[in-house]
Amino acid sequence: DRLEPLNGYWINLTEQAEVTIIGAPHDECRTGIPGGWAMVGPCENLVDVAGLQEGNPDLVSVFGFGSGYFSAEAMKPGWGYWTNMATSGGLTMGVK
């Protein structure tokens with residue numbers, strides 16, 4: 001199967017392992033998000049959540065996962081984040 005740019009993904013492993021995912025660069029850093037919860041990830045740059053919410057008032061919250069869920073202040077490239085949108089809309093997930 002294919003991993004789509006700007007989407008976030010869970011990788012379920014039976015034991016801890018290092019996983020390398022290789023892909024082609026993409027130019028578009030804006031994605032459509034449905035209303036409710038969706039998993040997304042930013043482009044090549046760190047994305048400030050407060051700035052993202054300022055430009056997207058329908059973005060209610062952003063959560064990351066480490067040893068548990070946390071309210072994310074920034075979204076790091078290569079990581080997936082749960083976003084909660086009041087209604088469907090678009091998010092610009094950094095710049096290329």
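Phenylalanine 63 is partly exposed, because its relative accessibility is 27%. The cut-offs: buried is under 20% relative accessible area, exposed is over 50%, partly exposed is in between, with a 1.4 Å probe and protein chains only.

Two housekeeping sentences. This is a predicted model, where local features need pLDDT of at least 70, side-chain atom pairs count only at pLDDT 80 or more, and totals for chains, interfaces and linings use all residues. Residues are numbered from 1 along each chain as its sequence is written, and side-chain values use heavy atoms, with hydrogens and water left out.

Now the aromatics. How many aromatic pairs does the structure hold? Two. Rings of Phe, Tyr and Trp (its six-membered ring) pair if their centres lie within 6.5 Å; planes under 30 degrees apart are stacked, over 60 edge-to-face, and the rest tilted. Tryptophan 37 pairs with phenylalanine 63, and that pair is tilted: 6.1 Å centre to centre, 50° between the planes. Tryptophan 37 sits in strand E2 and phenylalanine 63 in strand E4, so the pair ties together parts 26 residues apart in sequence. Tryptophan 37 is partly exposed, at a relative accessible area of 47%.

Next pair. Phenylalanine 65 and tyrosine 69 are edge-to-face, with 4.8 Å between centres and 70° between planes. Phenylalanine 65 is partly exposed at 35%. Tyrosine 69 is exposed at 51%.

Lysine 76 lies over the face of tryptophan 79, 5.6 Å from the ring centre. The criterion is NZ of Lys or CZ of Arg within 6 Å of the ring centre and within 35 degrees of the ring normal.

On to the sheet. Elements are DSSP runs numbered from the N terminus: helices are H or I with at least four residues, strands are E with at least two. Four strands form an open sheet, in the order E2-E7-E4-E5, with antiparallel pairing. Two strands pair if DSSP finds at least two bridges between them. Which strands stand at the edges? E2 (36-40) and E5 (69-71), each with a single partner strand, so one side of each has no neighbour in the sheet. Neighbouring strands are turned by 30° against each other on average, direction ignored. Axes there are lines fitted to C-alpha atoms, for helices over the stretch in contact, and angles run from 0 to 180 degrees between N-to-C directions. E2 and E7 (residues 81-85) share five bridges, in the antiparallel sense. Methionine 39 has tryptophan 82 as its bridge partner in E7.

Methionine 39 comes back with asparagine 7. Asparagine 7 lies in the segment before strand E1 (30-33). Leaving aside neighbours within four places in sequence, asparagine 7 contacts Met39, Val40 and Gly41. Contact means heavy atoms within 4.5 Å. Asparagine 7 is partly exposed at 35%.

Another asparagine. Is asparagine 56 buried or exposed? Buried, because its relative accessibility is 13%. Asparagine 56 is in the loop between helix H1 (49-55) and strand E4 (59-65). Its side chain reaches the backbone oxygen of leucine 52 at 2.8 Å. A polar contact is a pair of N or O atoms within 3.5 Å; within protein, one must be able to donate a hydrogen and the other to accept it, and residues adjacent in sequence count only if both atoms are side-chain atoms. Not counting residues up to four places away in sequence, asparagine 56 touches Gly90 and Leu91.
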